[in-house]
Structure formats: C-alpha cells, structure tokens
Amino acid sequence: MRSGAGSLSTLSMMRAAPAGCGLAYLPEDMVAPYIAAGPLVPSLGEWCPPFPGYHLHFPTRRQTFPAFRLLVDALRHQA
C-alpha cells in the first residue's frame, strides 16, 4: 500500500472532509451547510480573504458553443 499525498475531485472532497478525512480546499458557499451543522470548521481563515463572486476566464473566439454562451449569460445575469 502506498502512502503520501493524493488528489481528489471536488465531489470527492465534499464527501471526504465531513467524514474526517483531512483538509479540503473548497469555496466557502459550497461547505457553508457543513460549517453551520458542525462537521466542518474553517481553517487558515487569514489566508482566505473573501472575494465578490466567481471569475470566468475563456479565450476569445469567433464561435462559441451554445451551452457555453448560456453559461456565460447566466453568470452575467446573476452578477
């Protein structure tokens, strides 16, 4: 069996952290219910200043996929 550092997807971290499997680096709004309920506690708060919203970066292209365009429009609408 190999030991050491590993890597998990966001969904895996969302399951593993409340189960006590270590630290998870996730957006606070995703884990707020777990923090409120108690199985998670914030750590390194001074290293994680809040920021207003999410940021999306994508290369400029002449044609974009319709689904991607809908996502961008939805994010702009929420802002």
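Visitor: How many salt bridges does the structure hold, and which side chains meet there?

Guide: In this predicted model, the structure holds one salt bridge. A nitrogen and a carboxyl oxygen must lie within 4 Å for a pair to count, and the N to O distance here is 3.6 Å. The side chains that meet in this salt bridge are those of R69 and D73.

Visitor: Where do R69 and D73 lie, and how many residues apart are they?

Guide: R69 and D73 both lie in helix 3, which spans residues 66–78. Their separation along the helix is about one turn, that is, four residues.

Visitor: Are R69 and D73 buried, partly exposed or exposed, and at what relative accessibility?

Guide: A residue is buried under 20% relative accessible area and exposed over 50%, with partly exposed in between. R69 has a relative accessible area of 29% and is therefore partly exposed. D73 falls in the partly exposed class too, because its relative accessibility is 37%.

Visitor: Which elements make up the protein chain, and in what order do they run?

Guide: The protein chain contains three helices and zero strands. Read from the N terminus on, its elements run α-α-α.

Visitor: What share of the residues in the protein chain is buried?

Guide: The protein chain exposes about 7,500 Å², and carbon and sulfur atoms supply 62% of that area. Of the 79 residues in the protein chain, the buried share is 10%.

Visitor: Which residues form a nonpolar patch on the surface, and why can L56 be part of it?

Guide: The patch is formed by L56, L71 and L75, which together have about 240 Å² of accessible area. L56 belongs to the loop between helix 2 and helix 3.

Visitor: How much space lies in the largest pocket, and which residues lie nearest its centre?

Guide: About 850 Å³ of space lies in the largest pocket, whose lining consists of 25 residues. By class, this lining has 19 nonpolar, four polar and two charged residues. Nearest the centre of the largest pocket lie Y25, L26, P27, E28 and C48.

Note on methods
Residues are numbered from 1 along each chain as its sequence is written. This is a predicted model: local features need pLDDT of at least 70, side-chain atom pairs count only at pLDDT 80 or more; totals for chains, interfaces and linings use all residues. Side-chain values use heavy atoms; hydrogens and water are left out. Helices (H or I, at least four residues) and strands (E, at least two) are DSSP runs, numbered from the N terminus. Buried means under 20% relative accessible area, exposed over 50%, partly exposed in between (1.4 Å probe, protein chains only). On a 1 Å grid over the protein atoms alone, a cavity is a set of points where a 1.4 Å probe fits but cannot get out, and a pocket is an open set with protein on both sides within 12 Å along at least five of seven lines; lining residues have an atom within 4 Å of a point. Grid points are joined across faces, edges and corners, and a volume is the space filled by probe spheres set on the points. Ala, Val, Leu, Ile, Met, Phe, Trp, Tyr, Cys and Pro count as nonpolar, Asp, Glu, Lys and Arg as charged, and the others, Gly among them, as polar. Accessible areas come from the Shrake-Rupley method with a 1.4 Å probe; for residues, only the protein chains shown count as cover. Patches are made of residues with over 30% relative accessible area and no salt bridge: like charges are joined within 9 Å, nonpolar side chains (Val, Leu, Ile, Met, Phe, Trp, Tyr) within 5 Å.
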